Amino acid sequence: MDIIDKKGGIEVMRLKFFLVVALMGAIFAKESNSTKTIWQNRLDPVYLLDISKYPKFSTKMVLKNGKTIEFASVKSMMNFYFHPEKYPEYRVKSRDEIDKMFVKDYITGKEINAKDAWYVFGSRLVGPHGDDLIPLSSKTNVELFMKKYGGTRVFRIDKFTFGLIKYLDM
């Protein structure tokens, strides 16, 4: 009788083990399917900062394949933009794979297309990783921002260079 109970117990343990493995497989399969459309990156790809801690500075990039990558700031997103090959885990070989980029107007918090924004350089406001370019949605907001925080220049995104972004990292 003891042998049957032990053997029966082993079978129950095997069944429980199989159920746990099957459940975990189902959970991981669901997660991998959801990452086909958006990376759930909690950390900024460039500076490894917790993105949720910097909501006023956060930005995002939408790829042509539909995936979205989030960043802690404009400077971080532009570092990625100029050299996506440095981040192979995101499988972006060139900037041609980028469809759109979005930033938040620092004053209103509204998300805007990065191409439509005005960027203040040289302000007293420090971003999540030091000096940064502060996006604003209008010239009026640029004036309001500069009265409070200063700034030496205003750029549009098409005037950004990798040299400018590296300068901000000094």
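A salt bridge here is a side-chain nitrogen of Lys or Arg within 4 Å of a carboxyl oxygen of Asp or Glu. The structure holds 3 of these salt bridges. The model is predicted: local features need pLDDT of at least 70, side-chain atom pairs count only at pLDDT 80 or more, and totals for chains, interfaces and linings use all residues. Residues are numbered from 1 along each chain as its sequence is written, and side-chain values use heavy atoms, with hydrogens and water left out.

**Whole chain**

Start with the cartoon. The protein chain has 4 helices and 7 strands. Helices (H or I, at least four residues) and strands (E, at least two) are DSSP runs, numbered from the N terminus. Along the sequence the pattern reads α-β-β-α-β-β-β-β-α-β-α. Next, colour by burial. Of the 170 residues in the protein chain, 38% are buried. Buried means under 20% relative accessible area, exposed over 50%, and partly exposed in between (1.4 Å probe, protein chains only). Contacts (heavy atoms within 4.5 Å) come next. Among those between residues at least 6 apart in sequence, 61% join residues at least 24 apart.

**Nonpolar cores**

Select Phe 80, Tyr 119, Leu 133 and Phe 160. In the largest nonpolar core, which has 31 residues, these four touch the most other members. Such a core is a set of buried Ala, Val, Leu, Ile, Met, Phe, Trp, Tyr and Cys residues joined through side-chain atoms within 4.5 Å. H2 gives the largest share, 5 residues.

Centre on Phe 160. Leaving aside neighbours within four places in sequence, Phe 160 is in contact with Val 74, Met 78, Phe 82, Tyr 119, Leu 133 and Phe 155. Then move to a second, separate core of 9 residues, which includes Leu 125, Ile 134, Val 142 and Tyr 149.

**Largest pocket**

Show the surface. A pocket is found on a 1 Å grid over the protein atoms alone: it is an open set of points where a 1.4 Å probe fits, with protein on both sides within 12 Å along at least five of seven lines, and lining residues have an atom within 4 Å of a point. About 240 Å³ of space lies in the largest pocket. Grid points are joined across faces, edges and corners, and the volume is the space filled by probe spheres set on the points.

Select Tyr 81, Ile 98, Met 101, Lys 115 and Ile 157. Of the 14 lining residues, these are the closest to the pocket centre. H2 and S3 are the elements that give two or more residues to the lining. S3 provides the largest share, 4 residues. By class, the lining has 8 nonpolar, 1 polar and 5 charged residues. Ala, Val, Leu, Ile, Met, Phe, Trp, Tyr, Cys and Pro count as nonpolar, Asp, Glu, Lys and Arg as charged, and the others, Gly among them, as polar.

**Salt bridges**

Lys 60 sits in strand S1 and Glu 111 in strand S4 (residues 111-113), 51 residues apart.

Finish at Asp 169. Lys 75 forms a salt bridge with Asp 169, with the closest N and O atoms 3.1 Å apart. This pair links helix H2 to the segment after H4, 94 residues apart. Lys 75 is buried at 0% relative accessibility, while Asp 169 is partly exposed at 26%. Asp 169 also bridges to Lys 166, with the closest N and O atoms 3.8 Å apart. Lys 166 is partly exposed, at 37%. Shared partners join Lys 75, Lys 166 and Asp 169 into one network.
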